[in-house]
Amino acid sequence: MRAGRAERIDEMAKMTSIGGQALIEGIMMRGPETSAMAVRNTSGEIILEECETKGKDRPRFCKLPFVRGLFNMYDSLTFGYKCLMRSAELSGLDEEENKKKEGKAPSAWDRLFEKLLMPIATVLAVVLAVALFMYLPMQLWKWIAGNSGAADNYFLRACFEGVLRILVFIAYVWATSLMKDIRRTYMYHGAEHKTIFCYEAGLPLTVENVRGQKRLHPRCGTSFLILVLIVGILVSMFIRIDSLPLRMAVKLLTLPIVVGVGYELIKFAGRKNNLLTRIISAPGMALQRITTREPDDSMIECAIAAMEKVIPSDGESDRW
């Protein structure tokens, strides 16, 4: 009987295009037709919200290899940010903040500050990212290489700058994992992966079945980011410009190429399970040991609730 069940599971097993994102006390799942978020509020209830998946009706050009990655990344960032902000409301985080301010009428300055805070924070985040991931590695190489013969070694320069970017990224991820709230988010991230694995295995979506799945997934966004950084090293080897401002500008212009190649690599690695794809997936899987943690059952319940809403009626439409 067990062998027969294993055979049925193997027949149903597949690699799905359904992906997700950990939120504040919840999870968002994005299917080919529908996207859903499940957030647990302060009363312990799971609140579900659904919407149509953005970008599915884009022109065929936007879905071409090496082009689709840029549009998918844009969709993931914009929709993911909206879900993150919405989860703060649904979870009761915003309500708790408002209670702290009860009895104090906001001044005109407070209202103006709240309106300006988000765009200012966004600009500062972009400036900080450019400084850490572009300017700092270039400037450090300039200081270290100086007028030596290594200054003209473009291969060595690209490797130095690229490895430093990866180290900065890993250090940032590790530092955030020390924060209590972020650790809970990483636990929800683990619940997301386990639930997707359970669905891909063809098992019923129950807490018990999901709990037994792996938490490291080869098609995770973390793996994609690491691949983008690695591809950036290879592309940088062909940028033979010494002027720092000009090199920064060229690197920004090549970003769509880097993102496109990185996306195709993760698509390729997700379709097969062989030595080459395991090598491609290895850096991202290693980093997921930081960005995912073992979830508790309440987190798994949220992941299942969101997943059940996005599974398409046509079982073939979500194949990876």
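**Reading salt bridges and burial**

Modeller: Gladly! Lys309 and Glu50 form a salt bridge, with their closest N and O atoms 3.8 Å apart. The term means a side-chain nitrogen of Lys or Arg within 4 Å of a carboxyl oxygen of Asp or Glu. This pair links distant parts of the chain, 259 residues apart: Lys309 is in helix 12 (residues 297–310) and Glu50 in strand 4 (residues 46–52). Helices (H or I, at least four residues) and strands (E, at least two) are DSSP runs, numbered from the N terminus.

Biologist: What should I keep in mind about the model and its numbering?

Modeller: This is a predicted model, where local features need pLDDT of at least 70, side-chain atom pairs count only at pLDDT 80 or more, and totals for chains, interfaces and linings use all residues. Residues are numbered from 1 along each chain as its sequence is written, and side-chain values use heavy atoms, leaving out hydrogens and water.

Biologist: Is Asp75 buried or exposed?

Modeller: Buried means under 20% relative accessible area, exposed over 50%, and partly exposed in between (1.4 Å probe, protein chains only). Asp75 has a relative accessible area of 1%, so Asp75 is buried. By contrast, Lys309 is partly exposed because its value is 37%.

Biologist: Where is Asp75 found, and which residues is Asp75 in contact with?

Modeller: Asp75 is found in helix 2 (residues 68–90). Contact means heavy atoms within 4.5 Å. Beyond neighbours within four places in sequence, the contacts of Asp75 include Arg30 and Arg58.
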